[in-house]
Amino acid sequence: MSVTVDVAVVGAGPAGLAAAVAAAEAGARVAVVDAGNQPGGQFWRHAPETVQRQAADVQADGHGHHGWNTYLDLRARFDAAQHAGRITYLPGLQVWMAERSEDGFVLRTTPAVASAGAAPVTVTADRLVLCPGGYDRQLPVPGWDLPGVLAAGGIQAFIKANGVLPGKRFVIAGTGPFLLPVAAGIAEAGGKVLAVLESSAPSAWLPHLAAASGVPGKALEGAEYAAAFARHRIPYRTRSIVTEVLGSDRASGVRTARVDPAGRVRPGTERVYGDVDVVGFGWGFTPQMELPVSLGVETRLDADGSLVGVVDDRQQSSVPGLYLAGEVTGVGGATLAVLEGLAAGAAAARPDPGVPVKPPAAIARHRRFAQAMHQAHPVPAAWQDWLTPDTTVCRCEEVTAGDITEAREDLGARDVRSLKSFTRAGMGWCQGRVCGFAAACLGAGPGEAPGAGSLAGSAKRPLAAPVGIGELAALDG
Amino acid sequence: MNPQPVTITFDGRPLTAAAGQSVGAALASQGVTAWRSTRKGGRPRGLFCGIGVCFDCLVTVDGETNQRACLVEVCEGMEVEGS
Ligand SMILES: Cc1cc2nc3c(=O)[nH]c(=O)nc-3n(C[C@H](O)[C@H](O)[C@H](O)COP(=O)(O)OP(=O)(O)OC[C@H]3O[C@@H](n4cnc5c(N)ncnc54)[C@H](O)[C@@H]3O)c2cc1C
Ligand code: FES
């Protein structure tokens with residue numbers, strides 16, 4: 001099947017929903033491709049709509065969601081535009097390749113789940129808005145490949161979608177304000193959070209910063225989490241890390257330690273938490289850059305060290321007709337993603353509005369806040385010291401820290417692409433999505449942060465999703 | 001939410017799950033945390049990213065290999081196998 005529209009949107013999270021609605025309401029014919037089965041993306045992930053539900057359930061889905069009313073509003077407009085035939089919604093499909101054609105873009109898709117029966121669709125569009133979001137960024141530590149270790153956002157997603165917990169006794173570790181809703185969500189669902197370990201020391205700065213950036217709502221959110229932590233007696237330990245996940249065939253405990261501002265372990269501060277069945281790690285987020293990179297957009301390193309796309313005042317990338325919104329322009333949360341999506345959708349519907357259009361001031365405020373957040377929650381400079389030579393870095397191909405150090409020292413492999421060819425790190429099923437950032441750091445060397453070139457090498461993936469031979473062969477026709 | 005339970009099989013054993021749950025959730029909430037071994041080290045794997053990015057959670061669903069357990073929704077009679 002194929003679909004031809006004015007504007008194609010990839011992703012139906014906060015950014016993609018907003019972009020689709022804005023473009024459709026500005027008069028464009030829109031197609032939305034999303035790997036998920038229902039709109040919402042990561043942030044507004046909710047119970048499956050396939051199960052029979054009542055109006056009260058839809059409100060209940062909003063439990064624990066910030067901005068749920070924003071979702072309900074966007075969703076109502078999205079559904080209305082679908083009924084009016086302005087939006088073609090293509091759920092359950094993953095874009096595995098995006099190409100530029102003579103006068104626009106072509107997207108090739110494959111079902112996210114083979115058994116779900118969604119047939120592949122080819123989408124042709126004059127303009128393209130990419131809103132693919134991101135995923136939890138990971139730093140390896142000894143034992144992180146044991147079952148029971150999950151991405152922090154993965155735990156959140158699990159609870160939101162399934163209404164159950166993946167275990168009983170949790171330790172959450174990493175850095176960033178996002179660890180707070182994860183822990184609060186676990187406790188509200190009835191799980192025991194033994195500790196939240198935050199590697200940096202953000203103390204009293206949050207309220208001031210939120211006010212100074214002009215986003216007072218963020219201070220309120222912080223206060224809500226503080227209240228939830230007090231209610232559930234969740235210990236929040238700053239300047240602390242998990243140095244090792246304990247267990248033989250599954251996680252059963254963690255070893256922790258206090259660290260100095262560079263992330264070096266303070267001797268004598270080690271402590272063991274036993275009787276843990278889920279360990280959640282999150283070190284910020286990695287934007288999904290493969291589609292923007294494959295289309296050749298100009299990129300830059302953001303304050304959190306992530307590779308992101310460069311956009312102008314109307315969210316247009318360096319590629320004419322290609323707009324970016326949400327995490328791929330810089331990790332900044334759902335509110336910013338919606339604002340960017342609205343701007344991108346409107347711009348894609350009317351590339352030449354005839355009059356100058358100024359970006360909403362709120363976008364700049366939220367970006368400032370996000371930058372300050374990233375600076376307050378850096379990836380600790382000394383994190384590579386936490387590894388032992390036999391710590392797994394690439395989970396798919398089982399490449400260890402020792403293998404990578406050897407390739408760097410003996411073979412001079414300093415960027416992700418040469419590491420890949422010497423060690424196979426990043427060559428497995430996930431194509432380096434999970435280990436890409438860590439491998440780039442290890443290639444740069446102890447205490448070093450990777451450059452944009454190395455990260456772009458990691459985001460360069462021949463296919464944005466695994467596809468069958470049949471789909472590849474069909475390209476020949 | 002009050003979903004009807006469905007029955008699936010995991011490596012031949014019957015397992016009860018809530019309708020609409022993912023296969024990964026059905027397994028993990030029954031205490032099954034690993035259902036695959038790595039090729040090289042034979043290490044156990046189950047859910048990790050939870051959102052379809054890491055491919056750690058691969059299972060065979062009704063004969064279809066390499067499906068992500070965190071994305072596939074359970075349905076009555078579904079046959080799930082580890083690898
Ligand atoms: C697992 C997880 C849980 C999170 N939970 C929270 C939380 O509880 N609270 C909070 O404040 N923030 C949370 N965040 C951060 C929050 O999700 C983001 O700030 C926000 O969702 C960004 O919106 P977005 O529209 O840019 O991307 P997303 O919400 O990530 O939406 C992107 C969408 O694009 C789809 N997609 C990506 N690539 C393709 C492709 N190739 N083909 C088809 N579709 C594709 C994805 O399936 C997804 O539906 C979470 C992030 C993650 C990764
Ligand atoms: S848990 Fe990562 S793909 Fe399923």
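Analyst: Start with the backbone of A:Ala15: one of its polar atoms lies 2.9 Å from an oxygen atom of ligand 1. That is a polar contact, meaning a pair of N or O atoms within 3.5 Å; within protein, one must be able to donate a hydrogen and the other to accept it, and residues adjacent in sequence count only if both atoms are side-chain atoms. This is a predicted model: local features need pLDDT of at least 70, side-chain atom pairs need pLDDT 80 or more, totals for chains, interfaces and linings use all residues, and side-chain values use heavy atoms, without hydrogens or water. Residues count from 1 along each chain as its sequence is written, chains are lettered from A, and ligands are numbered from 1 in the order written.

A:Gln42 also uses its backbone, with a polar atom 2.9 Å from an oxygen atom of ligand 1. A:Gln156 uses its side chain instead, and a polar atom there sits 2.6 Å from a ligand 1 oxygen. The site involves two chains: ligand 1 lies between A and B.

A network of salt bridges links A:Asp145 and A:Arg395 with B:Arg36, B:Arg43, B:Arg45 and B:Asp56. A salt bridge is a side-chain nitrogen of Lys or Arg within 4 Å of a carboxyl oxygen of Asp or Glu. Side chains of opposite charge can pair when their charged atoms come close. The structure holds 22 salt bridges over all chains.

Take A:Arg29 and A:Asp6. Their closest N and O atoms are 3.1 Å apart, in a salt bridge. The pair links distant parts of the chain, 23 residues apart: A:Arg29 is in the loop between α1 (14-25) and β2 (30-34), and A:Asp6 is in strand β1 (residues 2-10). Helices (H or I, at least four residues) and strands (E, at least two) are DSSP runs numbered from the N terminus. A:Arg29 counts as partly exposed because its relative accessibility is 41%. A:Asp6 has 18%, so it counts as buried. Buried means under 20% relative accessible area, exposed over 50%, and partly exposed in between (1.4 Å probe, protein chains only).

A:Asp6 is also one of the residues touched by A:Arg127. Contact means heavy atoms within 4.5 Å. Others that A:Arg127 touches include A:Val7, A:Phe105, A:Tyr323 and A:Pro351, leaving aside residues up to four places away in sequence. A:Arg127 sits in strand β6 (residues 122-130). What does a buried arginine do without a salt bridge here? A:Arg127 is in that position: the nearest side chain of opposite charge, A:Asp126, is 4.0 Å away. A polar atom of the A:Arg127 side chain lies 2.7 Å from the backbone oxygen of A:Ala348.

A:Glu340 forms a salt bridge with A:Arg367, with the closest N and O atoms 2.7 Å apart. A:Glu340 is buried because its relative accessible area is 0%. A:Arg367, at 29%, counts as partly exposed.

Another pair is A:Arg264 with A:Asp260, whose side chains meet in a salt bridge at 3.0 Å, N to O. A:Asp260 is buried at 13% relative accessible area. A:Arg264 is partly exposed at 46%.

A:Thr391 lies in the loop between α10 and β20 (392-394). A:Thr391 is buried, with a relative accessible area of 2%. Its side chain makes a polar contact of 2.9 Å with that of A:Thr388. Beyond four places in sequence, A:Thr391 is in contact with A:Pro140, A:Val141, A:Pro142, A:Val399, A:Thr400 and A:Ala401.

The UniProt record (unreviewed entry) places "domain: BFD-like [2Fe-2S]-binding" at residues 393-436 of chain A. UniProt positions use the numbering here, feature names are shortened, and annotations may be inferred rather than shown by experiment. The end C-alpha atoms of that span lie 9 Å apart, and the span is 45% helix and 9% strand.

A:Trp429 is in the loop between α12 (416-423) and α13 (436-444). A:Trp429 is partly exposed, at 37% relative accessible area. A:Trp429 touches A:Cys396 and A:Pro466, and on chain B it touches B:Phe55, B:Leu58 and B:Asn66, not counting residues up to four places away in sequence. Its C-alpha atom is 9.3 Å from that of A:Ala465, 36 residues away along the chain.

Key
Lys, Arg positive; Asp, Glu negative; His and termini not counted. Near = heavy atom within 4 Å.
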